[in-house]
Amino acid sequence: MNDNAAGAHGAVLADTPSPGDVPLVELRRAGKSYGDVRALHGVDLTVRAGRVTCVLGDNGAGKSTLIKIISGLHRHTEGEFLVDGRPVRFGTPREALDQGIAAVYQDLATVPLMPVWRNFFLGSELTRGPWPLRRLDIARMKETADRELRRMGIVLDDLEQPVGTLSGGQRQCVAIARAVHFGARVLILDEPTAALGVTQSGMVLTYIAAARERGLGVLFITHNPHHAYMVGDHFSVLRLGTLELSADRGDITLDELTDHMAGGAELAALKHELAQVRGVDVDELPEDFSDTSPDAEGNT
C-alpha cells in the first residue's frame, strides 16, 4: 500500500521504517471498551511471517473482540495497533485487506448453491471484453481457482459442484486458499475446527501448516488446546478480556496449556478457599474437590 493510498484511507498514522524482523501485526497493551463495558484490556500480541500464533479462550474471553480489532471491524480504544511497525487505526475491513489482513470466519462467506469457482472469486469476479459487452471470464476463473487450490494441496475433481456439497473441512480450505490468492499476508482463522470431526479438523490443520510454510502469518483462534498445540508456534490465552498467558511453544507443554485453558489457576485458588472453609490442609482435599457432601457430623 503506497503513501497516497494510506492517506486516502486514513489507516496509517505514521510512516516509520520497518525492519525485516518487525512483526506483521502487533498489539501493545491494546483494549476495547463499549461505553462502560471493557471487553478487552492490556493485550500484547504479535503475528510474524511464517509463524502460527494461537489465541485460546472460553466464550466471553475476548477472542471475538480481538478479531474485530485486527480485521478492521472495530477500532481499539486503548493501547497501540501496529502493522509492519507502523501505528494504524482501521475504520473498515477494506482498510485491513489493503494491508494484507484477511479474516476467515466460521460462516466462511460462501454461497452454498454456487459452484466452487464462483465462490472462490465471489465479489472479485474476472471479466473480459470491452464495455458494454463485458462478460465473466469463466475459463480464467476456473483455471486460477484450480491452480491456487492445488498450491494449497486441495484437489477437487469438479469445480462446478456447489460449494455446499463439500465437507466442512474442504469449505474451510477453499476459504483459506481464496484469502491467500487475494493477497493475504496475515490470515485470521476464527474457530475453523469448531464444528468439524477428527478427519476434517486434521485437514484444516494441515492447510494451516501449509499457509505457514508459504510465509504467511497465521492467527489461529480456537478453544481447543490440542488443535492449537499441533500447529502453533506461540500461544496466548485470554480470560475475561485480559491476557492470562503468552508463551512460545518451547516454553510450555500441552498439559500446561490445557491447564491454563481449563482455568487451572482459578481452580487452584478455589481449592485453597475450600480448604480454609473446611479447616484442613489443601493437600487433604481429594483431587475431585467438588465433592462437598455433608460428613457424619453434618459438616461440608
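In this predicted model, Glu-160 touches Pro-115, Trp-117 and Lys-142, leaving aside residues up to four places away in sequence. Glu-160 itself sits in the loop that runs between α5 (138-151) and α6 (168-181). Its relative accessible area is 38%, so Glu-160 counts as partly exposed, because that class lies between the 20% limit for buried and the 50% limit for exposed.

Two of these neighbours also meet Glu-160 through polar side-chain contacts. The side chains of Glu-160 and Lys-142 are joined by a polar contact of 2.3 Å. A second polar contact, of 3.5 Å, links the side chain of Glu-160 to that of Trp-117. Glu-160 and Trp-117 are 43 residues apart along the chain, yet their C-alpha atoms are separated by 6.9 Å.

Not counting residues up to four places away in sequence, Thr-144 touches Phe-121 and His-181.

The cysteines can be taken next. Cys-54 is buried, with a relative accessible area of 0%. Cys-173 is buried too, at a relative accessible area of 1%. A disulfide is a covalent bond between the sulfur atoms of two cysteines. For the count used here, a pair of cysteine sulfur atoms has to lie within 2.5 Å. By that rule the model has zero disulfides.

Note on methods. Residues numbered from 1 in each chain as written. Predicted model: local features only at pLDDT ≥ 70, side-chain atom pairs only at ≥ 80, totals over all residues. Heavy atoms only, no water. Helix = DSSP H or I, 4+ residues; strand = E, 2+ residues; numbered from the N terminus. Buried < 20%, exposed > 50% of the residue type's maximum accessible area, 1.4 Å probe, protein only. Contact = heavy atoms within 4.5 Å. Polar contact = N/O pair within 3.5 Å; in protein donor to acceptor, adjacent residues only side chain to side chain.
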